[in-house]
Amino acid sequence: EGLGATIDLDSWALPGVFRWLAETANMAEPELLKTFNCGIGMIAVVAADRAEALKALLEAAGETVTVIGTVTEGQGVAYTGALL
């Protein structure tokens, strides 16, 4: 409680299928973010001092890891950057 997140939309490449959906359905970015995962399959929230160790462990297991944001004081999700 009392925590939110800031997500950097420039931290990953939007897969083509989501760009196609946005264009075909005439969806604005906020609706796209609310409705679809936009290529982010799973999110792991971890303490900042453990993030590098977890990233190394997951990559060693063959996973692709992208840091997409941070936990912040306050409530809700804020976005920086742009998908489209």
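Is Asn26 buried or exposed? Asn26 counts as exposed, at 70% relative accessibility.

1. **What you are looking at.** This is a predicted model, in which local features need pLDDT of at least 70 and side-chain atom pairs count only at pLDDT 80 or more, while totals for chains, interfaces and linings use all residues. Residues are numbered from 1 along each chain as its sequence is written, and side-chain values use heavy atoms, with hydrogens and water left out.

2. **Confidence.** The predictor's confidence in each residue is given as pLDDT, on a scale from 0 to 100. For the chain the mean pLDDT is 95, and 100% of the residues reach 70 or more. Helix H3 has the highest confidence, with a mean of 97, and H2 the lowest, at 94.

3. **Overall layout.** You will find 3 helices and 3 strands in the chain, in the order β-α-α-α-β-β along the sequence. Helices (H or I, at least four residues) and strands (E, at least two) are DSSP runs, numbered from the N terminus. The C-alpha trace spans about 40 × 35 × 20 Å along its principal axes.

4. **Surface and burial.** Of the 84 residues in the chain, 19% are buried. Buried means under 20% relative accessible area, exposed over 50%, and partly exposed in between (1.4 Å probe, protein chains only). The accessible surface comes to about 6,000 Å², and carbon and sulfur atoms hold 56% of that surface. These areas come from the Shrake-Rupley method with a 1.4 Å probe; for residues, only the protein chains shown count as cover.

5. **The aromatic pair.** A search of the whole structure turns up 1 aromatic pair. Its partners are Phe18 and Phe36, in a tilted arrangement with 6.1 Å from centre to centre and 55 degrees between the planes. The pair ties together parts that are 18 residues apart in sequence, because Phe18 lies in helix H1 (residues 16–24) and Phe36 in the loop between helix H2 (29–35) and helix H3 (51–60). Rings of Phe, Tyr and Trp (its six-membered ring) pair if their centres lie within 6.5 Å; planes under 30 degrees apart count as stacked, over 60 as edge-to-face and the rest as tilted. Phe18 is buried, at 12% relative accessibility, whereas Phe36 is partly exposed, at 29%.

6. **Two residues with positive phi.** Asn26, from the opening question, sits in the loop between H1 and H2. Although Asn26 is not a glycine, its phi is positive, about 55 degrees. Cys38, in the loop between H2 and H3, is not a glycine either and has a positive phi of about 55 degrees. Which side of the burial cut-off does Cys38 fall on, buried or exposed? Cys38 is buried, with 0% relative accessibility.

7. Contact means heavy atoms within 4.5 Å. Among contacts with a separation of 6 or more, residues 24 or more positions apart account for 80%. Thr72 belongs to strand S2 (residues 69–73) and is partly exposed, at 23% relative accessibility. Leaving aside neighbours within four places in sequence, Thr72 touches Gly2, Leu3, Gly4, Ala5 and Thr6. Thr72 and Thr6 are 66 residues apart along the chain, yet their C-alpha atoms are separated by 6.7 Å. Glu73, also in strand S2, is exposed at 72% relative accessibility. With neighbours within four places set aside, Glu73 is in contact with Gly2 and Leu3.

8. Pro30 lies in helix H2 and is exposed, at 59% relative accessibility. Pro30 and Gly16 are 14 residues apart in sequence and 17 Å apart from C-alpha to C-alpha. Ala44, in the loop between H2 and H3, is partly exposed, with a relative accessible area of 48%. The C-alpha atoms of Ala44 and Leu54, 10 residues apart along the chain, are separated by 9.4 Å.
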